[in-house]
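Subject: Structure handover and notes

Dear colleague,

I am passing on the structure below, together with some notes on what turned up in it. Please look through the model first and then read on.

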Amino acid sequence: MTLQEYDYARESPSKLAASCLLLALTMRNLGGWTPTLEYYSGYCSKDLHPLVKRLNFLFTYQPHDKLKAVHTKYSHRVFFEVAKTTPMDMLKLEEILRS
């Protein structure tokens, strides 16, 4: 989804990937940012929080009227229908990131 948004072009690809992973872990209740993830990514959890919030906002308020190819592709069962995943509530995400 970020490929379609110019605002994310200035973000480091590694930071973007790490933030996406943290958001996915949070959304699926699979734990948080571990010391191992911090070591291998080079990012601590707090460095990723602003970008995680922006990604969740993008995921929550995605435009459905244009650029449907990515959404359609990732709605297929081959890709585990990740495009159909329900976004997190922004306040709940904020609370989880603070803890």
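The notes below go through the nonpolar core, the charged pairs, the aromatic rings and a surface patch.

This is a predicted model, in which local features need pLDDT of at least 70 and side-chain atom pairs count only at pLDDT 80 or more, while totals for chains, interfaces and linings use all residues. Residues are numbered from 1 along each chain as its sequence is written, and side-chain values use heavy atoms, with hydrogens and water left out.

Helices here are DSSP runs (H or I, at least four residues), numbered from the N terminus.

Next come the charged pairs. The structure holds 4 salt bridges, each being a side-chain nitrogen of Lys or Arg within 4 Å of a carboxyl oxygen of Asp or Glu. One of them joins Arg54 to Glu11, with the closest N and O atoms 2.9 Å apart. Arg54 lies in helix 3 (residues 45-60) and Glu11 in the segment before helix 1 (13-27), so the pair ties together parts that are 43 residues apart in sequence. Glu11 counts as buried at 18% relative accessibility, whereas Arg54 is partly exposed at 27%; buried means under 20% relative accessible area, exposed over 50%, and partly exposed in between (1.4 Å probe, protein chains only). Arg54 also lies over the face of Tyr8, at 4.5 Å from the ring centre, where the criterion is NZ of Lys or CZ of Arg within 6 Å of the ring centre and within 35 degrees of the ring normal.

Another salt bridge links the side chains of Glu94 and Arg98 (3.2 Å, N to O), and both residues lie in helix 5, 4 residues apart, about one turn of the helix. Salt bridges that share partners join Lys53, Glu94 and Arg98 into one network. In a further salt bridge, Lys84 meets Glu81 at 3.7 Å, N to O; Lys84 is exposed, with a relative accessible area of 53%, and Glu81 is partly exposed, with 35%.

As for the aromatic rings, a search of the whole structure finds 3 pairs. Rings of Phe, Tyr and Trp (its six-membered ring) pair if their centres lie within 6.5 Å, and planes under 30 degrees apart count as stacked, over 60 as edge-to-face and the rest as tilted. Tyr39 and Tyr40 form an edge-to-face pair, 4.9 Å centre to centre with 85° between the planes, and both of these residues are exposed. Tyr74 and Phe79 form a tilted pair, 4.8 Å centre to centre with 55° between the planes.

Finally, Tyr74 and Phe79 belong, with Val78, Phe80 and Val82, to a nonpolar patch on the surface that has about 490 Å² of accessible area together. Patches are made of residues with over 30% relative accessible area and no salt bridge, like charges being joined within 9 Å and nonpolar side chains (Val, Leu, Ile, Met, Phe, Trp, Tyr) within 5 Å, and accessible areas come from the Shrake-Rupley method with a 1.4 Å probe, only the protein chains shown counting as cover for residues. Phe79 lies in the loop between helix 4 (69-73) and helix 5 (90-98).

Methods: Helix = DSSP H or I, 4+ residues; strand = E, 2+ residues; numbered from the N terminus.
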